[in-house]
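Please consult the sequence and the structure shown below while reading.

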Amino acid sequence: MVCHGDARDGVDGVMSGERGVLTDIGRAQVHQFVEQVRTRRVAGVYCPRMGPAVQSADLAASELGLRAVVVEGLQDSSAGDLAEVNSQGQRRFTQAIGEIADVHRGETVLVFTNGAAISAVIAGVWVNVGNDLAGQGFLPGCAVAEVEVDADGWRLVSWPGGRDSEQA
């Protein structure tokens with residue numbers, strides 16, 4: 001799971017209907033991230049319908065010779081939406097990730113979404129993560145939370161800036 005690149009809320013002071021646009025820094029973050037994962041044979045790139053996550057996914061997919069696929073349930077979340085993300089949103093998010101995992105068993109995929117969505121739902125979904133992880137704050141631009149999904153559940157492999165799987 002990848003947090004979208006750095007974004008701002010509007011262009012020239014005008015709010016965007018897509019809840020933000022990637023900045024030059026955000027585009028550079030996505031490019032740098034793609035260079036780091038290029039050797040992993042990425043099988044797919046997924047994102048929610050709106051916002052900087054879809055812009056990040058489109059850019060990454062293009063650089064990898066793929067097409068970004070929009071998936072309902074991976075919606076971006078603002079701080080005002082966190083209560084919703086923690087309940088209904090968590091179920092939708094979990095279902096969306098599960099469907100992606102079913103299609104790509106044993107493969108590497110990129111799922112771009114909002115750092116708030118990742119941080120808010122992760123403690124309730126992954127079997128090896130405590131509630132303290134979500135309290136560490138939202139992920140920075142193009143930060144990666146690497147996860148594995150199998151029949152035993154969802155396991156957090158690494159968390160940016162942390163002690164990786166030791167935090168679980």
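With which residue does D24 form a salt bridge, and how far apart are the closest N and O atoms? The partner of D24 is R27, and the closest N and O atoms are 2.3 Å apart. A salt bridge here is a side-chain nitrogen of Lys or Arg within 4 Å of a carboxyl oxygen of Asp or Glu.

The model is predicted: local features need pLDDT of at least 70, side-chain atom pairs count only at pLDDT 80 or more, and totals for chains, interfaces and linings use all residues. Residues are numbered from 1 along each chain as its sequence is written, and side-chain values use heavy atoms, with hydrogens and water left out.

**Salt bridges**

The structure holds five salt bridges, including those in the table.

| Pair | Closest N and O atoms |
|---|---|
| D24 and R27 | 2.3 Å |
| R38 and E35 | 2.7 Å |

D24 is exposed, at 60%, whereas R27 is partly exposed, at 37%. In the second pair, R38 is partly exposed at 36%, and E35 is also partly exposed, at 42%. R105 has a relative accessible area of 45% and is therefore partly exposed.

**Helix α1**

D24 and R27 both belong to helix α1 (residues 24-37), where they are three residues apart, about one turn of the helix. An α-helix has 3.6 residues a turn, so residues three or four places apart point the same way. Helices (H or I, at least four residues) and strands (E, at least two) are DSSP runs, numbered from the N terminus.

The 14 residues of α1 reach 20 Å from the first C-alpha to the last, close to the expected 20 Å at 1.5 Å a residue; the expected span is 1.5 Å times one less than the number of residues.

Within α1, the residues G26, V30, F33, V34 and V37 are buried. They lie on the same side of α1 because they cover an arc of only 100° around the axis, the arc being that of the directions from the helix axis to the C-beta atoms. The face turned away from this buried side carries the exposed residues D24, I25, Q32 and Q36.

The buried residues of α1 pack against β1 (2-3), β5 (21-22), β6 (42-47), α2 (52-63) and β8 (108-113), contact meaning heavy atoms within 4.5 Å.

Definitions and conventions
Buried < 20%, exposed > 50% of the residue type's maximum accessible area, 1.4 Å probe, protein only.
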